[in-house]
Amino acid sequence: MVNLEELKKEASQILKEGKVKYIIGFQRGSNGLLPVPAFIKNPKDVEKLVWDPTCVYNLTLFLQDEKRKKTKEKEPDERPVGIVVKGCDSRAINVLLQEEFIKRDDVYVLGVSCENTGVLDEKKLAKKLKGKKAKKVEFGANDDFVITTEDGNIKIAAQEVLAERCLECKAHFPVIYDVLIGEKTKRNVENPFKSLEKIESLPPEERWKFWKEQIEKCIRCYACRSVCPMCYCDECVADTINFVVTPDTSAEEKAQKIKWLEKSPVSSENFVYHFVRAIHLAGRCIDCGECERVCPLDIPVRFLNKKLEKEAKELFDYDVGFDPDKPSLVSSFKDDDPEDFIR
Amino acid sequence: MAEEFEPKIVAFLCKWCSSAGSDLAGVSRMQYPPNVIPITVMCSGSVSPLYIFSAFNKGADGVLVSGCHPGDCHYIKGNFYARRRIALVKKLLEYVGLEPERFQMSWISAAEGVKYTKVIKDFVQELKPLGPQKKLRRTQ
Amino acid sequence: MEKVLSKKAFPQWVKKLESYTMYLPRKDGDFWNYEVIKNPEIIDLDYLNTVLSPKKIIFPQREVLLEFSTSNEEELKINEVLPEEAQSVIFGVRPCDAKALTLTDKVFGGDFKDPYYWKRRNSTALVGLACNTPPSPNCFCLSVDGSPHSKEGLDILITDLGDKYHAESFTKKGDDLLNLAKALFKNPTAKEKKDLEKIQAESKKKIQRQIKDTKKIPPKLKDMFDSPFWDEESLSCIRCGICTYLCPTCHCFDINDEVTSSSPIKGERVRTWDNCQFPDFTMHSSGHNPRPDKAARLRQRILHKFQYFVELYKNYQCTGCGRCISKCPVGIDIIEVLEKARDYGS
């Protein structure tokens, strides 16, 4: 069991010792069931920290802000940032290390185990509760969740309300950490790509119909991009300014900028955006599933990333986020990579 | 009789092999269909997936990426990187339901003018029955 | 005009309106969205609020303003494209979303009347649905001069009375819709009127969220432009555009030329929604960005809604629909931000 007190104790100690600048964790919010990110500087505030199945966010996203802030400061505080991570988030740290976006000394990783289960899918829970309102969700003792509602506690098997990505997760515990709270539990996942089968088994025209319908819904709020800890480019092809303009950028350079896609949220342009997003995350997506959770129109964007994760595994035997010292998927190759598709 | 559909192919050819191969086909006066818009790039490894998506977006019926044979890359390993990347792009495009025939990759050396004409001929023949590519094309 | 209609007769009424283009909330997976309906048999007004407000019908995310074409021989041809002249009805508009349209009316109806907006606005009738129970746990209309039974901006307000609907029309557009099916409607009895009052009073009590002392907020915000408050509040913001795109009152747009053919040159001038939360929204061509970070952008969102708009139009530019709260990926809560701002430094 993850002992929350243990997490608080550890957090408070590293803050008191001045080992870290601040700690990024989870705290209760004012709205609904989900927590909000907490940025804790004062050891007294560690009491706010929470850890339960509602902690869905991938906090490693905020390492981007930290890095941007640091590059602007004249005399940056070189101490690491404390960060609470679960299994999938820790793999994000590995990828960021692998890409040298951060250095190992930039983070002090407070790893928490997912208790052999994972995090909650709010929508699944809402359906399960049929109108009743959950006030609190906690890890139970037997791979279940204890849900506090207005009429008392209910126990639900975690499998029934787990986020889709957790059902397919290969490691429910942090793979990189400075402190580990909880245990490294092992659960056998027979097929980590099971959820893909439904779409993959469709005939091509049906598949096209499915994706067109989904991608057409996109309003290009870019939440899937914004919430992704791997989407850290300073410039994005999807923005109307798709290169960084500085006072030195000449008029010619500006005139020659290429407009890769229009701002109009129509199928063809949305596809370019979603393709670029998916391919850019090939071999980098650690399947935290945040892109899909935040989509206001419920577009299953995770299935694009998941597909490429599967192909990376099957074609190139590449696992994402387990080894920060390994070269990345697209910056490496093997002599015998498949080439049966090449003429 | 209705006019036969002539597919438009955007071909990204590496400067050192495939582009030279296409030149050889040209100077040797080999006949091949005029459906290709060749774009010379420095290396097949320099073809960003974005170029491919963009070509389809702007109305290409087919896209070809062609580079040196493995081991012959002017930059030693550019085509190996391309091989991986293109495999992923191909899988992605097929996954959303684009016809697999529309996106091809080939190895064509500077000496293979004949192979170049064959690749293009085959490509055009495969694209003709599919008709115009409307799925990813800018629709308005 | 005040009428009562049995629930069973509702589809019949809708059928009578066939000459109109009709929009109705439709369930799509786990959420509701407005769709054009063709078959009035399967309509259902028992719905939570839609993800995107009816703003998307009156002020669509993409709108062609004009078409252009030219070639070497020809001179430039420009052709204005105005929305089609079609009478439409939107059913089930929540009072907050209708009120939001009265706010965008002010923006698009100043000295220059936006022809695209007004063409749609004038040819669209809004049939509202009163919120007997709040459609979102984050509804707070009462705190921003709204109410779950507000008629502001609506042509007709429908209230669910159990087995029948109470329908009140406030405009000529509304009267016309009711008159098309006169036989279906009855005059309300004294009991029905009493029921209505009761339901209205009760519904106000069901709203769970509120901002206390909203009035104190605009003057307070006036002095907070340079406050470190915004840095603290925006720490968890991820810079996406959900809050603004889903907002029924946000109305910023961008205009781009989209070239669809290069020879001969052909294209369209297109207006699309734009979003103050994106970095390119305020990017100058010099490379300078006056709103360089997420703190400045969060500040802009709050100040625009609760200070600038109040100064300009004497209204909050927020109608309390709660969409930005419910859908924020990291739980940024505009109510909390406003209350903290109100109490900041005191």
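**View 1. Who sits around the largest cavity.** In this predicted model, 14 residues line the largest cavity, and C237(C), C243(C), R301(C), C328(C) and I332(C) lie nearest its centre. Two elements of chain C, α9 (242-246) and α10 (294-313), each give two or more residues to that lining. Helices here are DSSP runs of H or I with at least four residues, strands are runs of E with at least two, and both are numbered from the N terminus.

**View 2. What the lining is made of.** Sorted by class, the lining of the largest cavity has 11 nonpolar, one polar and two charged residues. Ala, Val, Leu, Ile, Met, Phe, Trp, Tyr, Cys and Pro count as nonpolar, Asp, Glu, Lys and Arg as charged, and the others, Gly among them, as polar.

View 3. The largest cavity holds about 140 Å³ of space, and the whole structure has nine cavities of 30 Å³ or more. A cavity is a set of points on a 1 Å grid over the protein atoms alone where a 1.4 Å probe fits but cannot get out; lining residues have an atom within 4 Å of a point. Points join across faces, edges and corners, and the volume is the space filled by probe spheres set on them.

**View 4. The chain around it.** Chain C has 12 helices and 11 strands. Its C-alpha trace spans about 70 × 65 × 40 Å along the principal axes. Of its 346 residues, 56% count as buried (under 20% relative accessible area, 1.4 Å probe, protein chains only).

**Notes.** Residues are numbered from 1 along each chain as its sequence is written, and chains are lettered from A in the order written. Local features need pLDDT of at least 70, side-chain atom pairs count only at pLDDT 80 or more, totals for chains, interfaces and linings use all residues, and side-chain values use heavy atoms, leaving out hydrogens and water.

Conventions. On a 1 Å grid over the protein atoms alone, a cavity is a set of points where a 1.4 Å probe fits but cannot get out, and a pocket is an open set with protein on both sides within 12 Å along at least five of seven lines; lining residues have an atom within 4 Å of a point. Buried means under 20% relative accessible area, exposed over 50%, partly exposed in between (1.4 Å probe, protein chains only).
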